[in-house]
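This briefing looks at the open spaces in the structure shown below and at the residues that line them.

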Amino acid sequence: MNEGSRIDVHQHVIPPERSRAIADRAAALGWPVPAWDTQGALAMMDRRSIATGVLSYAAPLAGPDDRAGARAAARDVNEFTAELVKDRPDRFGHFAVLPLPDVDGALAEAVHALDELGADGVMVLSNAHGRYLGEPDFEPLWAELDARAAVVLVHPTAPPGATVPGLPSPLVDFPYDTARTALHLAVAGVPGRYPRLKLILPHAGGFLPYAAHRFAAAARLRPGTTAEDLLAELRRFYFDTAFCAGPASLPSLLAFAAPGHLLYGSDFPMVPEEWCSGFDDGLDGYPHWGDGQLHAVHRGNAELLIPRLARH
């Protein structure tokens with residue numbers, strides 16, 4: 001791999017004032033506590049041949065009844081991240097966090113982030129305090145983002161309900177919640193109704209590629225929809241490779257995803273770097289890439305989604 005050749009669409013930022021909240025959440029989920037600073041992120045990127053990392057803040061912003069707190073936190077996080085990108089536009093991009101389920105607040109923050117802060121897209125969690133993304137109440141947000149042909153990272157979070165004792169939620173429940181919200185969106189017809197949206201599912205879409213033909217049976221929940229129609233909705237999603245490019249997952253992902261819909265991701269620092277080297281090696285060493293396909297995964301497909309990054 002050429003030095004600095006990857007574009008990482010799944011990399012996280014932890015502003016200093018949010019570090020305690022992230023540490024407490026990681027501990028509650030049974031997960032290693034992540035640490036982040038700019039120099040540490042750049043050093044990781046250099047070690048892993050990442051030219052540019054698109055940063056996002058992947059955690060709830062406030063409690064479920066604190067709309068004002070969530071709006072304020074989103075603005076603070078997004079302005080902090082925008083300054084990082086302003087200082088190093090060659091190394092960082094920005095998916096702005098939105099304070100869902102507050103649709104009015106999310107709309108206002110999306111407009112501010114995209115128009116004023118120059119964000120490269122937005123990030124939403126797979127459920128917003130138990131509310132999933134295909135809900136009709138979220139329709140105004142999808143319409144606005146579709147009008148802007150926005151890139152949207154749909155980042156997993158813990159599903160509602162109790163976890164399994166001894167099994168960290170990010171390891172087991174996050175992939176499940178990614179598949180759950182993707183199917184919820186597809187059954188609601190959101191990807192097809194808003195075709196200019198570019199919706200990215202991390203971690204190879206959770207269980208989606210492997211179980212897509214099983215999930216297609218959900219077409220009966222939408223009158224007039226066939227299994228093939230629902231599969232076409234599901235294939236509108238993009239997928240990143242963070243923490244999932246293994247010898248069993250890659251064939252399923254490649255068999256399902258539409259051409260050009262695979263993107264490189266690291267999930268740094270939420271997934272410890274030492275856990276991921278094998279997945280990077282597995283991606284590079286996969287023996288069945290077609291001509292130019294690995295380069296497209298590493299950066300070519302991301303350049304098409306975020307043309308600004310093609311300069312770096």
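In this predicted model, the second largest pocket holds about 320 Å³ of space. Of the 27 residues that line the second largest pocket, those closest to its centre are Pro 60, Leu 100, Leu 125, Ala 128 and His 129.

**Second largest pocket**

- The elements that each contribute two or more residues to the lining of the second largest pocket are helix H3 (67-87), strand E4 (121-125) and strand E5 (127-128).
- Strand E4 supplies the largest share of the lining of the second largest pocket, namely 3 residues.
- Sorted by class, the lining of the second largest pocket comprises 18 nonpolar, 5 polar and 4 charged residues.

**Largest pocket**

- Two or more lining residues of the largest pocket come from each of helix H1 (19-28), helix H6 (169-187), helix H8 (208-215) and helix H10 (249-256).
- Among these elements, helix H6 gives the most to the lining of the largest pocket, with 4 residues.
- By class, the lining of the largest pocket divides into 21 nonpolar, 6 polar and 2 charged residues.

How values were computed. Residues numbered from 1 in each chain as written. Predicted model: local features only at pLDDT ≥ 70, side-chain atom pairs only at ≥ 80, totals over all residues. Heavy atoms only, no water. Nonpolar A, V, L, I, M, F, W, Y, C, P; charged D, E, K, R; others polar. 1 Å grid on protein atoms, 1.4 Å probe; cavity = no way out; pocket = protein on both sides within 12 Å on 5 of 7 lines; lining within 4 Å. Points joined across faces, edges and corners; volume = space filled by probe spheres on them.
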